[in-house]
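Here are some notes for a first look.

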Amino acid sequence: MLQNFTLHTHTNEFDGKNTVAEMVNAAYEHGMKTIGISNHFIVHPNIKQTNFYPHAVIGGYDGMYNDNFDVATDKFKKHFDTLEHVAEQNKQIRVLKGMEIDFFDSISWHINTSYIINTLKPDYTIGACHFIEYNGQLCNIHDIHLASQSEQHEMLKIYWDKVYRAIKSGMFTFMAHLDLPLRLNLGTESMWERYEQKAVHTLSDTKTPVEINTALYNKGPRTHPHPSPRVMNMLYNANVPVILSDDAHSVNQIGRYFDKAQEYIAQHNIHQFCEIHKHIARNK
């Protein structure tokens, strides 16, 4: 039976294509029992100086990048008000408030983000690492792809260390796209196995689930989502719970490739599906 809930989705208030109401209606029509809207919470004082920021401006989703916490919090307060209103209008499907939070390991970030989570009270949080700090510059994951090979290796080491620290922080309900550089065909060599293993062991130690992200299916010639088969074997051996994520940015992406992803999971003998949505439902 296919997973009948989706928790990693985005709307047009941030970098998605459709409204909250449109995403909720589409999820219901798709047969979902629960949908969580988990827009990006990205706050860093230098976020607008990244090489990737102009592309966000051109794409019209620069509003999700914030250089101070007050602005980001105000956006989410209004967004959560919209979510609550739509939930009231759609009793036939459970609507949950999520946040996909980009992890930055500074004292100020930890204090402010913890305070905002306690203030906004999302139903769940998703941990993400789209950015790293390299040579004093804040870099998007795409910057790694454009770097020289030697720089790529150093940047990937920083990426995996950041993933480890994000998991270890205990701030997140589950982790998103663990091996995100795979989208750009980075980090495929066997030398990265020990870094992946460290992240997986930390997931196991902290009892943090990880998503199987199906967005990678339409990224080039790949026939699997991420994590990679190598990481999937690690997840199996460490008994880390998994959850399917469509990472939907539009209505036609809801539940995308869940059927293929469940076949992928079965191939790796993983049976520890995460029941996050049921846990959240009991506590609402």
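1. A disulfide is counted where two cysteine sulfur atoms lie within 2.5 Å. Such a bond is covalent and joins the sulfur atoms of two cysteines. Keep in mind that this is a predicted model.

2. Start with Cys-129. The closest cysteine sulfur belongs to Cys-139, and the gap is 14 Å. The cut-off is 2.5 Å. The sulfur of Cys-129 is therefore too far away for a bond.

3. Now the view from the other side. Cys-139 is in no disulfide, and the nearest cysteine sulfur to Cys-139 is that of Cys-129, 14 Å away. Under the 2.5 Å rule, the count is 0 disulfides.

4. Are these cysteines buried or exposed? Buried means under 20% relative accessible area. Cys-129 has 3% relative accessibility, so Cys-129 counts as buried. Cys-139 has a relative accessible area of 6%, so Cys-139 is buried too.

5. Next, the cavity. The structure holds 1 cavity of 30 Å³ or more. The volume of the largest cavity is about 40 Å³.

6. Which residues line the largest cavity? Cys-129 is one of them, together with Gly-127, Ala-128, Tyr-159, Val-163, Met-175, Ala-176, His-177 and Leu-178. Two elements give two or more residues to this lining: strand 5 (124-128) and helix 6 (149-168).

7. One residue links both topics. Cys-129 is buried, and Cys-129 lines the largest cavity.

Conventions
Residues are numbered from 1 along each chain as its sequence is written. This is a predicted model: local features need pLDDT of at least 70, side-chain atom pairs count only at pLDDT 80 or more; totals for chains, interfaces and linings use all residues. Side-chain values use heavy atoms; hydrogens and water are left out. Buried means under 20% relative accessible area, exposed over 50%, partly exposed in between (1.4 Å probe, protein chains only). On a 1 Å grid over the protein atoms alone, a cavity is a set of points where a 1.4 Å probe fits but cannot get out, and a pocket is an open set with protein on both sides within 12 Å along at least five of seven lines; lining residues have an atom within 4 Å of a point. Grid points are joined across faces, edges and corners, and a volume is the space filled by probe spheres set on the points. Helices (H or I, at least four residues) and strands (E, at least two) are DSSP runs, numbered from the N terminus.
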